Structure formats: C-alpha cells, structure tokens
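Hi,

Here's the structure I promised you. Have a look at it first, then read on for what I found.

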Amino acid sequence: MPLLETILVVVQVLVAVALCGLILLQHGKGADMGAAFGSGSSGSLFGAAGSANFLSRSTSILAAVFFLTSLGLTYLGATHAKSGLQQGVMQDTPATKAPDGAVPSPAVPAPAPTGTPPAPTSKAGDVPK
C-alpha cells in the first residue's frame, strides 16, 4: 500500500504542475479580439483554432486524471484511518479508581477536613506571591 500511495502522490504532483502550465498557456476570451486586428499570433504552431482544441482537451484529460488520483488518495487515506478511529483515543490510558471501587470525579474537589482554614482562591490576573 505505501508504494501505491507514493505512486499516486507523484502522479498527482506531476499532473498538477502540468495543469498549471497548460492553463497558463491558454489565452482568454478577450484575446480573440486582439488577434482579429493583427496583434495576436493567429497562425501559431497548432493553427488558428487548433491550439484551443488541443490545449482544452489536454486540460480536461489532466483534470480528470487529477480527480481520479485525488479519489484514490482519499480512499487509501480512509482505509488507513479506519483502524485508528475504531480503536479510540483513550484506549491506552489506565483508569484510576478509588479504594472502594468508585471512580473519582476530578471536577469536584474533595471536601476540606474540619478545623482547617479554607484555601485562598486566586482570581484571573492575580500574580502569585
């Protein structure tokens, strides 16, 4: 499984870089107006309309591959996480019990013995002396 994950991550990174490059190579809808007046390069390597078709098809194919690798990585990550989620977080911590078998509650302090003064309480922002 780790080999498959590594392969999927490498493919996903390469596809993401290729997608960024292909998207930056494409011209926007407003660039057609400049090409009509002679400032654009309408006779490029792929022809007048060929570059748009080639680049858009390549982009859609790479987007589909990126989507499939994302789904594959999600599936592999979910199968690895199931074992940890079923186990739980507090499985390995030992439970502390009182001598009589009752579980002590940490939120309620134990009552002070009679005849002793109450402990001083501190307020938020007080500096200890």
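Before anything else, a word on confidence, as this is a predicted model. In the protein chain, pLDDT is highest in helix H1, at 94, and lowest in helix H2 (residues 31–36), where the mean is 59. Averaged over the protein chain, pLDDT comes to 74, and 45% of the residues score at least 70.

Now for the surface. There's a nonpolar patch on it, made up of Leu 3, Ile 7, Val 11, Ile 61 and Val 65, and together these have about 430 Å² of accessible area. Which helices supply it? Helix H1 (2–25) and helix H3 (50–87) each give at least two residues, with H1 providing the largest share, three residues.

Is Gln 12 buried or exposed? Its relative accessible area is 14%, which is under 20%, so Gln 12 counts as buried. Val 11, on the other hand, has a relative accessible area of 33%, so it counts as partly exposed, because that value falls between 20% and 50%.

And what does Gln 12 touch? Setting aside neighbours within four places in sequence, Gln 12 is in contact with Phe 66, Thr 69, Ser 70 and Leu 73. With Ser 70 there's also a polar contact, side chain to side chain, at 2.8 Å.

Definitions and conventions: Residues numbered from 1 in each chain as written. Predicted model: local features only at pLDDT ≥ 70, side-chain atom pairs only at ≥ 80, totals over all residues. Heavy atoms only, no water. Patch = residues over 30% accessible without salt bridge, like charges linked within 9 Å, V, L, I, M, F, W, Y side chains within 5 Å. Areas by Shrake-Rupley, 256 points an atom, 1.4 Å probe, with all protein chains shown as cover. Salt bridge = Lys/Arg side-chain N within 4 Å of Asp/Glu carboxyl O. Helix = DSSP H or I, 4+ residues; strand = E, 2+ residues; numbered from the N terminus. Buried < 20%, exposed > 50% of the residue type's maximum accessible area, 1.4 Å probe, protein only. Polar contact = N/O pair within 3.5 Å; in protein donor to acceptor, adjacent residues only side chain to side chain. Contact = heavy atoms within 4.5 Å. pLDDT = per-residue confidence, 0-100.
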